[in-house]
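Open the model in your viewer and keep the selection tool ready.

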Amino acid sequence: MLSAHTPDVMKPSSSAAPDVIRSFSPTTGDELGSVPVMTAAQVAATVARARVAQEKWAQVSIVDRASQLLRFRNVLVDRVEEVVAILGKEVGKVRHEALSHEILVIADVCTFLAKRAERILAPQKISLHLLRHRRSFVDYEPRGVVGIIGPWNFPFKIPVRDAMAALVAGNAVVLKPSELAPLVMLKAKELWEASGGDPDLFQVVTGFAPTGRALISADINYLIFTGGVETGRRVAAACGEALIPCVLELGGKAPLIACADADVERTARAIVWGGFANLGQVCTSVERVYAHASIHDSLLARTVELANELKQGNPVTEVVELGSIVLPPLMDVADKHIADALSKGAKLCTGGKRISGPGNHYEPTVLSNCDHSMTVMTQEIFGPVVPFMSVTSDEEAIRLANDSHLGLNAYVFSKDTAHGHRVAKKVQAGAVIVNDVLINGGCPDSPFGGIKKSGFGRVNGEDSLRQMCTAKHIMTDRLVVASEPFWFPYTDKTYGLLRSGLAALFSGKGLIGKIAGWFL
Ligand code: NAD
């Protein structure tokens with residue numbers, strides 16, 4: 001048996017594969033419970049059960065599926081404290097963030113999907129521009145079984161958000177939670193069942209990477225993966241081998257551009273919240289600040305002041321802003337980036353080290369005088385470290401923001417919203433938020449996802465809901481004739497007719513060509 005909070009369990013050797021995951025609190029070290037490490041055969045059997053349940057679920061109307069989502073939401077709201085407690089214990093999440101970043105978002109996701117799914121997934125009629133003698137329709141049919149592999153930093157919101165979209169679209173889901181937070185996902189399943197949901201539609205398979213690999217190979221129809229870039233590469237390769245379409249939600253290195261006219265107080269508060277919420281363990285955390293030289297010093301000073309006011313501790317027993325680092329090696333990663341930056345001329349403005357005592361705590365850290373020779377500006381840290389760099393123009397800030405292999409979120413601060421919007425258009429990212437941070441992670445109606453090595457595909461938004469389905473094209477005829485111009489036999493005469501048709505319709509010349517240009 002191995003603990004999920006010790007580093008070596010991230011890579012269990014096949015010769016000594018554990019059969020149980022023991023879950024420990026990263027704050028107190030207390031053991032919270034254990035779950036089985038499921039074998040490939042167990043995963044395959046789970047997917048098979050999900051498939052049987054899905055066939056019935058696909059026959060249920062979207063309105064009735066939506067009602068089940070609302071029942072789940074209502075149970076979640078009634079039993080909110082159970083989820084807050086387990087998030088606090090298992091991943092050291094502070095109460096306010098458990099409530100607002102995880103539970104409130106899911107309550108909203110369920111409500112949004114319940115209201116909008118019927119319209120978004122309604123069959124669409126297509127007016128064919130050339131083949132006007134035929135009619136086309138697109139039906140959105142459920143894919144079948146959707147696999148969801150989740151991370152530990154938002155262990156409730158991320159997998160449940162994707163599960164709700166998959167379910168309302170008529171799929172079954174099999175979720176593989178992170179080995180660092182399996183109990184949270186089992187709580188989600190308990191709530192699903194308490195709300196009257198079919199247990200086989202919402203299944204959880206627990207384990208390490210091999211269980212995730214087994215899920216991909218278990219004949220699922222779609223995969224939504226959220227995790228690190230390197231794991232994402234392996235997952236994409238496995239999906240390629242199994243020919244399963246997938247969405248990859250990977251890492252980020254969100255830049256924050258503070259323009260010369262940024263509101264210093266709001267920007268400083270946004271940096272502190274965006275950089276230190278969840279102790280920086282957020283894929284969209286503010287991970288680098290490019291501040292215009294004219295406001296750099298005042299913004300830095302205020303950021304440091306606010307960072308120093310934050311209280312860190314046990315989120316289960318105290319009201320604190322900062323909880324725990326879930327994965328201890330992440331503190332070594334932060335140490336390494338900070339040491340590299342300091343050795344190259346960065347200045348430590350506050351923080352910079354782990355806090356001794358029980359639990360995995362790390363001081364909120366602000367560095368200045370940073371540049372792109374330092375790993376702190378170029379690699380994902382996933383911890384409470386915010387490096388500052390002074391720039392002399394928007395153009396310089398944009399160039400530096402775009403100098404990254406990642407492109408998930410980015411932020412622009414300017415009192416002039418139109419100016420902020422113009423800068424946002426030039427920043428390479430899946431989403432650019434003007435005068436706010438992190439907030440889009442909670443919007444069920446807007447697409448979320450990355451470019452570059454931050455992944456591909458989207459969650460949230462109308463398109464991603466349709467992506468939970470196969471778009472089935474049905475074409476019918478308006479009038480029945482004995483033959484078609486494209487059919488056999490092929491003769492010189494039919495070739496000539498096609499040539500004349502091509503010239504008439506697509507040359508843009510002559511009366512027919514001009515009329516055709518209006519219609520095609
Ligand atoms: P991770 O990549 O270590 O693990 C993610 C999940 O993948 C876990 O459930 C793990 O068991 C599973 N897994 C590992 N190897 C696998 C394999 N070969 N096949 C199938 N499954 C496998 O990531 P993590 O440490 O849990 O999460 C942190 C990372 O996730 C950070 O890089 C963060 O930026 C990213 N993240 C991205 C988003 C987003 O929406 N883009 C959101 C949250 C976290």
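Start by selecting Phe456: it is partly exposed, with a relative accessible area of 43%. Here buried means under 20% relative accessible area, exposed over 50%, and partly exposed in between (1.4 Å probe, protein chains only).

This is a predicted model, where local features need pLDDT of at least 70, side-chain atom pairs count only at pLDDT 80 or more, and totals for chains, interfaces and linings use all residues. Residues are numbered from 1 along each chain as its sequence is written, and side-chain values use heavy atoms, with hydrogens and water left out.

Stay on Phe456. It sits in strand 22 (residues 455–456). Helices (H or I, at least four residues) and strands (E, at least two) are DSSP runs, numbered from the N terminus. Now show what touches Phe456. Leaving aside neighbours within four places in sequence, its contacts (heavy atoms within 4.5 Å) are Cys246, Val247, Leu248 and Gly450.

Next, select helix 1 (40–57). Its buried residues are Val43, Thr46, Val47, Ala50, Ala53, Gln54 and Trp57. Look down the helix 1 axis: these residues fall within an arc of 125°, so they line one face. The arc is that of the directions from the helix axis to the C-beta atoms. On the face of helix 1 turned away from the buried side, find exposed Ala41, Val52 and Lys56.

Last, select helix 2 (residues 62–78). Its buried residues include Ile62, Arg65, Phe72 and Leu76. What covers the buried residues of helix 2? Among the covering elements are helix 1, helix 3 (80–91) and helix 4 (95–120).

Notes: Expected span 1.5 Å × (residues − 1).
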